[in-house]
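The sequence and the structure are shown below.

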Amino acid sequence: QLQLAESGGGLVQPGETLRLSCTSSTSTLDQWTIGWFRQAPGKEREAVLCINMHNYIEYYNFFVKGRFTPARDNAKNTVYLQMNSLKPEDSAVYSCAATKGSCIARDFSTWGQGTQVTVSS
């Protein structure tokens with residue numbers, strides 16, 4: 001059964017960068033579509049972006065386009081979320097999720113536990 005784990009969160013200042021990782025110790029990720037989501041305190045979870053097994057990228061949140069980029073490293077069984085030019089409004093718990101379907105379908109069935117990202121001066 002697929003299990004996901006995120007890492008790489010932390011406290012950074014506005015304008016700085018972070019790279020989050022999503023990995024699995026139970027399955028290879030190269031056959032899965034991986035989505036990144038975030039949830040800030042008191043707000044609903046929002047979809048950020050998605051990368052499929054062919055490295056097609058779908059941005060669900062256009063406010064991060066140009067700043068956030070996903071990438072796969074199949075040798076490390078990891079999907080990354082590179083976050084540049086971070087803003088305080090990017091602060092949230094970031095989670096990755098997996099589906100055998102498409103980015104458009106958004107039928108994510110397996111979720112990680114999340115990693116906290118805080119952007120503050």
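Predicted model: local features only at pLDDT ≥ 70, side-chain atom pairs only at ≥ 80, totals over all residues.

The side chains of E7 alternate along the strand.

## Strand E11 and its partners

Strand E2 (residues 10-12) runs parallel to E11 and is joined to E11 by three bridges. In this pair, Gly10 stands opposite Val117.

Strand E9 (residues 92-99) pairs with E11 in the antiparallel sense, again over three bridges. Here Val93 stands opposite Gln116 in E11.

In soluble globular proteins, nonpolar side chains tend to be buried together. The largest nonpolar core of this model has 26 residues, and those with the most contacts inside it are Ile34, Trp36, Phe68, Leu81, Met83 and Tyr94. Two or more residues come from each of E3, strand E4 (33-39), strand E5 (46-51), E8, E9 and E11. E9 gives the most, with four residues.

Leaving aside residues up to four places away in sequence, Phe68 touches Arg38, Val48, Leu49, Tyr59, Leu81, Gln82, Met83, Asn84, Leu86, Asp90 and Tyr94. Another core, of seven residues, lies apart from the largest one; among its members are Cys50, Tyr60, Ala97 and Cys103.

## Disulfides

The structure holds two disulfides. One joins Cys22 to Cys96, with an S to S distance of 2.1 Å. The torsion about this S-S bond is about 75°, so the disulfide is right-handed. The pair links distant parts of the chain, with Cys22 in strand E3 and Cys96 in strand E9, 74 residues apart. Both Cys22 and Cys96 are buried.

The other disulfide is formed by Cys50 and Cys103, whose sulfur atoms are 2.0 Å apart. The torsion about the S-S bond is about -80°, so this disulfide is left-handed. Cys50 lies in strand E5 and Cys103 in the loop between E9 and E10, so the pair ties together parts that are 53 residues apart in sequence. Cys50 counts as buried because its relative accessibility is 0%, and Cys103 is buried with a relative accessible area of 2%. With the bonded cysteines of the chain numbered in sequence order, the pairing is 1-3, 2-4.

## Tyr60

Tyr60 lies in the loop between strand E6 (57-59) and strand E7 (68-73). Is Tyr60 buried or exposed? Its relative accessibility is 11%, so Tyr60 counts as buried, the cut-off being under 20%.

Not counting residues up to four places away in sequence, Tyr60 touches Ala47, Val48, Leu49, Cys50, Cys103, Arg106 and Phe108. A polar atom of the Tyr60 side chain lies 2.5 Å from the backbone oxygen of Cys103. Tyr60 and Pro70, 10 residues apart in sequence, are 12 Å apart in space, C-alpha to C-alpha.

## Positive phi in loops

Most residues other than glycine have a negative phi. Ser85, in the loop between E8 and E9, has a positive phi near 50°. Ser85 is partly exposed, with a relative accessible area of 39%.

Arg106 is found in the loop between E9 and strand E10 (110-111), and its phi is also positive, near 55°. The relative accessible area of Arg106 is 44%, so this residue is partly exposed.

Note on methods: Residues numbered from 1 in each chain as written. Heavy atoms only, no water. Buried < 20%, exposed > 50% of the residue type's maximum accessible area, 1.4 Å probe, protein only. Contact = heavy atoms within 4.5 Å. Polar contact = N/O pair within 3.5 Å; in protein donor to acceptor, adjacent residues only side chain to side chain. Pairing = 2+ DSSP bridges. Core = buried A, V, L, I, M, F, W, Y, C linked by side-chain atoms within 4.5 Å. Disulfide = S-S within 2.5 Å.
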